[in-house]
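Grab your viewer and work through them in order.

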Amino acid sequence: MRDPERPSETGGGDPGEQMLRAARRYRVSESTRQRAFAAAGLVAGGSVAAGGKAVAAGVALNLRWWIVLAGLAGLSAGGYFLVARHALPSAAPSVAVSAATQVQPAQQETPPADSQAAIAAPNTSIGDIPPRGAPSGGARPSAAPRQAPADLQAELAALDAASKTLRRGDPNGALALLDAYGRDFPRRSLALEATVLRAEALEGAGRHAEAVAVARAFVRQHPKSPLVDRMRQIAGE
Amino acid sequence: MDAPVTHDAPDLSLPLGESRERRLRRVLDANLDFIGRTLRAYGVPESDVDDGVQQVCLVLFDKLDRVEPAAERSFVFRTAQRIASRSRRTRSRRPEVAGEEADHPEDSLDPERLADERQALDLLGRILDSMDEELREVFVLHEVEELTMASIAEMLKIPQGTVASRLRRAREQFEQHVSRLRVKQARAR
C-alpha cells in the first residue's frame with residue numbers, strides 16, 4: 001500500500017506545516033537527557049561532563065534507594081518521580097513537579113494493554129542469572145519468577161539494617177548483616193548497593209586492603225556505573 | 001568492554017549486568033527524543049516534559065526485561081501515551097487551564113506566533129487532544145515520526161487498511177483546525 005503524501009510536503013508556510021515541522025524538529029534538552037539516564041541508573045553517553053558525572057555518582061545510590069523505598073511505600077510512579085526530583089540535581093531551572101501524573105504504583109503497573117502480546121513473560125536478563133554459589137536446581141534462569149515485592153521489601157530492610165549499623169559506627173555488625181543478606185537473598189536486586197556498603201564497612205572496620213580489593217573489583221566490573229566514583233575513592237584511584 | 005569478572009570480589013553478584021545496562025542505554029539513546037516528541041504531541045507542555053521523560057524512563061527501567069526487543073519502540077510509545085494522558089488529567093484540574101477551550105484551541109492563538117516552535121508545538125498538542133485516541137496515535141506516528149503505514153500497522157498491531165482509514169480521518173480533523181488558522185491569518189493581513 002502506497003503511503004499518502006504528507007501535508008507538509010505540499011506547501012510552504014502553512015500553519016499545519018509549521019506545527020508539524022516544530023514537532024518533527026523537537027529534541028529533548030541535554031539536561032533532560034542526562035537526568036533520564038541518571039534516573040535509569042546510567043550516565044548519558046557513557047561519559048558526561050565532570051560536574052554531571054560527579055552529580056550522577058553522588059545521587060545514583062540515593063535514587064535507586066528512593067525508587068525502591070517509594071515502591072515499597074506504595075507510592076506511584078509519579079511519587080517515584082517526586083523523590084527522583086529531590087534526589088537528582090536540577091541542571092535546568094526547576095519546574096514545579098507536576099505531581100502531575102498520578103500514576104499507578106509501579107510495582108503494580110500493568111504494561112500498556114496493546115503491547116501485552118508483545119511482552120514476553122520469561123525474564124532472560126542477566127539479573128536473573130543466579131549468583132555464584134546459588135543453587136541452580138537445574139532450572140533455566142529464564143524460567144525463574146520475577147522477584148516479588150515482598151522479597152524486595154525484605155531485601156531492602158536487610159540492607160537498610162546494615163546501612164544503619166554502619167552509620168552507628170559498627171562496621172563489623174554491618175558486615176555480619178551483609179553476609180546474612182548474601183545468604184538470604186540468592187536473587188539479589190540490590191547487589192550493587194550491597195557491594196558499596198560492604199566496601200565502606202570493610203574500610204570502617206580497618207580492613208583497608210580488603211576494602212580496596214572489593215572496590216577495585218567493582219571498578220573493573222562496572223566502570224560505567226554511577227556508583228563507580230565512590231568506589232574509586234575507596235580504591236584510592 | 002568491561003574486564004572479566006574476577007574472584008577477589010566478595011560473594012555478591014552484580015545482577016544489573018552490563019548487557020542489561022547496554023540494552024537500557026541503547027533503548028534510551030534511540031528513543032529519548034521520540035519520547036519527548038510524543039509527550040509534546042500529546043499536549044504535555046514543555047515545562048513538564050522533563051518530568052514525563054523521566055517517568056517513562058523509570059517504567060522502562062522497571063519493565064525492560066519483559067519487553068521483547070522488537071516491541072521496545074511500541075512499549076516506549078504506549079508508556080509515553082499513558083504518562084501524557086495522566087499529565088493531561090492533572091493539568092485539567094489546574095485552575096489556570098481548567099477553562100481552556102477544547103473544541104477550537106486555535107482560536108486563542110495569534111497565527112503569527114506559530115513561528116515560535118514552542119508555541120506551534122503547544123497548539124499542535126492541544127489540537128491533537130481533541131482527536132480520538134485511535135486517530136491521534138496514527139497521525140502522530142505518520143506525520144510527526146514519519147513512519148510508514150506498514151511500520152505503524154506493525155507497531156500498533158492493526159491492519160494497514162485500518163491505519164490508512166484512521167490517518168485519513170485524522171487528517172480531515174486536523175485540516176479543519178488548520179483551516180480556521182488560515183482564516184485568522186488572512187484576516188490579520
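Predicted model: local features only at pLDDT ≥ 70, side-chain atom pairs only at ≥ 80, totals over all residues.

Buried means under 20% relative accessible area, exposed over 50%, and partly exposed in between, using a 1.4 Å probe and protein chains only.

Side-chain values use heavy atoms, without hydrogens and water, residues are numbered from 1 along each chain as written, and chains are lettered from A and ligands numbered from 1 in written order.

**Exercise 1.** Classify the ring pair of B:Phe34 and B:Phe77.

*Solution.* 
- Step one: rings of Phe, Tyr and Trp (its six-membered ring) pair if their centres lie within 6.5 Å; planes under 30 degrees apart are stacked, over 60 edge-to-face, the rest tilted.
- Step two: the centres of B:Phe34 and B:Phe77 are 5.8 Å apart with planes at 20 degrees, so this pair is stacked.
- Step three: B:Phe34 and B:Phe77 are both buried, and together with B:Tyr42 they make one aromatic cluster.

**Exercise 2.** Decide whether B:Glu137 is buried or exposed, then find what it touches.

*Solution.* 
- Step one: B:Glu137 has 6% relative accessibility, so it counts as buried.
- Step two: contact means heavy atoms within 4.5 Å. Leaving out residues up to four places away in sequence, B:Glu137 touches B:Tyr42, B:Phe77, B:Arg78, B:Gln81, B:Leu156 and B:Arg166.
- Step three: B:Glu137 and B:Phe77 sit 60 residues apart in sequence, yet 9.3 Å apart in space, C-alpha to C-alpha.
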